[in-house]
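Q: I have a new model on my screen and I'd like to learn how to read it. Walk me through it feature by feature, please.

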Amino acid sequence: MAASRIAVASVSLTHFRPLSSASMASVSPSLSSRLVPHPPDLIKWVRREGGFVHQSLKIAQDGDTGLGLLASDHIPKGSELIVLPHNLPLRFDSPETGDTEEADSVLVNLARQVPEELWSMKLGLKLLKERAKVGSFWWPYIGNLPEVFSVPIFFPGDDIKNLQYAPLLHQVNKRCRFLLDFDKEVKRTLDSVKPEDHPFGGQTVDASSLGWAMAAVSSRAFRLYGKNLTVGTTNSVPMMLPLIDMCNHSFHSNARIVQEQDAGSMKLKVKVVAETEIEGNVPLTLNYGCLDNDLFLLDYGFVIASNQYDHIELKYDEALLEAASTVAGISSENFSSPAPWQKLVLTKLNLHGEAALLKVCIGGPEIIDGRLLAALRVLLSVDEEMVQKHDLDVLKSLSAEAPLGVANEIATLRTIIALCVIALGHFPTKIMEDEALLKKCERESSKLAIQFRIQKKSVIIDVMSNLTRRVKLLQSKAVSQG
């Protein structure tokens, strides 16, 4: 899938294709440059290799998001926009495919050392191999890739710190540590490889080039079926789809990807089909998924304003709950010393016990993590019999109106509002300060860091506003009923 992209001044790679990559700190903020100054015509290449590209599609600047696919004329709903035959997607072949080349076996051995959660590095190794190879079948595609990606692993240290959000900082640091460690492992492996078996043509691979490959894959790869659809198993395989990955993201996309099996060869082809009518000069968009801004920034290099799926992570912590209840002016000893029946409910919610999962969320479609909501409702109740009357799913639902009584519901929501106040206080800057800094900001990575933290704070404020409205409504109902 395509991402917002930042590029650098390119180097001619006609005869020798170095794998070195620049950091974001060293680049100009142009969003349209690619790996080589004058890359091959990607649309012509796809057509030449047996693919189909609608005559009204063109590659052009897509606003502030860099290069994308745009319609040059009206395209009817249901039209086939792009069709890629089975040979055009770039994927990492496993040993089961019968690949016996020594160079590829080196890649396979390296890939086995990559944790599954960083799957993009596995396909990234294949991408680096093809980038280094003169005469690679995929060079017309690779030459069109950005030289630098706007993902946080390439941010200067100050901008990583300025994200101001611990869960994302943890993930960025984890990826950076992996790249540094994997760089050493790759060097150790390649030192013992014969020159003719070197998967990267004898070129040096470092943490920077590994990071470029991982970012290229994470921001552009799709998980699709890897085998014939008639087999019955639905194995998903990450693959890079030339041209298709230039479609940018929208939650309200105008196109979608489908896979079909060729009747003659029984091999899979990948299509993009128009979901709606598309007018001239309108970008082609795909829905990358219902993701929060952590994943959009970490993998794709952009932030979505007012993202309905964005949320903040909190740790379910007794001391934090006590502090929140104090801020809310609600007295309860049950947070630190729950009754046995309350502990039983917390255990069912997986918030108590040795195997407890203590990460809870605020924001997103649920507004409040159901487990957190149920826990607070139960801990702020003294009526065991009333709690036992309700199914756990009811206690976890914000749409269930005051299942344990109006007073309990008001206390619960006020405690969550106080949790939000505490969470907001953990950010070192306020939104107004961030907005002022954003206006003066020139570096792209700094802008992204500030935009990201503004959106996280906005999530908290939106939840507080939502719950405050609910509290006022409950209070007015209580008065009218009293």
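A: Let's start with a term: a helix here is a DSSP run of H or I covering at least four residues, and helices are numbered from the N terminus. Please keep in mind that this is a predicted model. As a case, S120 belongs to helix α3 (residues 119-132).

Q: How many helices and strands does the protein chain have?

A: There are 16 helices and 16 strands in the protein chain.

Q: Back to S120: is it buried or exposed?

A: Buried means under 20% relative accessible area. S120 has 5% relative accessibility, so it counts as buried.

Q: Which residues is S120 in contact with, leaving aside neighbours within four places in sequence?

A: Those are A213, M214, V217 and S218. For a sense of the fold, look at A221 too: 101 residues separate S120 from A221 in sequence, but their C-alpha atoms are 8.1 Å apart in space.

Q: What share of contacts in the protein chain joins residues at least 24 apart?

A: Taking contacts between residues at least 6 apart in sequence, 73% of them join residues at least 24 apart. I142 is in helix α4 (residues 139-142), and a relative accessible area of 0% makes it buried. Beyond residues up to four places away in sequence, I142 touches L35, L127, E130 and R131.

Q: What about the protein chain as a whole: how many of its residues count as buried?

A: The protein chain has 482 residues, and 54% of them count as buried. Its accessible surface is about 22100 Å², with 52% of that belonging to carbon and sulfur atoms.

Q: Now the nonpolar cores. Which residues touch the most other members in the largest one?

A: The general idea is that in soluble globular proteins, nonpolar side chains tend to be buried together. In this structure the largest nonpolar core has 71 residues, and L81 and M121 touch the most other members. Helix α7 (residues 207-220) supplies the largest share of this core, seven residues. Setting aside neighbours within four places in sequence, M121 is in contact with V114, F178, L179, F182, L210, A213 and M214. Another core lies apart from that one; it has 60 residues, including A328, L372, F427 and L467.

Q: I'd like to see a loop residue as well. Where is L163 found?

A: L163 is in the loop between α5 (157-161) and α6 (166-191). Not counting residues up to four places away in sequence, L163 touches F155, L168, L169, V172, L297, A449, F452 and R453.

Q: Next, helix packing. At what angle do α10 and α11 pack?

A: Two packed helices are described by the angle between their axes and the distance between the axes. For α10 and helix α11 (residues 370-379), the angle is about 175° and the axes are 10 Å apart. Angles over 145 degrees count as roughly antiparallel, so α10 and α11 are roughly antiparallel to each other. W341, Q342, V345 and L346 in α10 meet A375, V378 and L379 in α11. By class, that contact has six nonpolar residues, one polar and no charged.

Q: And at what angle do the axes of α9 and α14 cross?

A: The axes of helix α9 (residues 318-327) and helix α14 (residues 406-425) cross at roughly 105° and come within 8 Å. That makes α9 roughly perpendicular to α14. On the α9 side, L320, L321, A323, A324, S325 and V327 meet T415, A418, L419 and I422 of α14. This contact has eight nonpolar, two polar and no charged residues.

Q: Last one, backbone angles. What is the phi of N350?

A: Most residues other than glycine have a negative phi. N350 is not a glycine, yet its phi is positive, about 60°. You'll find N350 in the loop between α10 (340-348) and β15 (359-363), where its 28% relative accessibility makes it partly exposed. I367, also not a glycine, has a positive phi of about 75°. I367 lies in strand β16 (residues 367-368), and with a relative accessible area of 17% I367 is buried.

Key. Residues are numbered from 1 along each chain as its sequence is written. This is a predicted model: local features need pLDDT of at least 70, side-chain atom pairs count only at pLDDT 80 or more; totals for chains, interfaces and linings use all residues. Side-chain values use heavy atoms; hydrogens and water are left out. Axes are lines fitted to C-alpha atoms, for helices over the stretch in contact, and angles run from 0 to 180 degrees between N-to-C directions. Helices (H or I, at least four residues) and strands (E, at least two) are DSSP runs, numbered from the N terminus. Angles under 35 degrees count as roughly parallel, over 145 as roughly antiparallel, 65 to 115 as roughly perpendicular and the rest as oblique. Contact means heavy atoms within 4.5 Å. Ala, Val, Leu, Ile, Met, Phe, Trp, Tyr, Cys and Pro count as nonpolar, Asp, Glu, Lys and Arg as charged, and the others, Gly among them, as polar. A nonpolar core is a set of buried Ala, Val, Leu, Ile, Met, Phe, Trp, Tyr and Cys residues joined through side-chain atoms within 4.5 Å. Buried means under 20% relative accessible area, exposed over 50%, partly exposed in between (1.4 Å probe, protein chains only). Accessible areas come from the Shrake-Rupley method with a 1.4 Å probe; for residues, only the protein chains shown count as cover.
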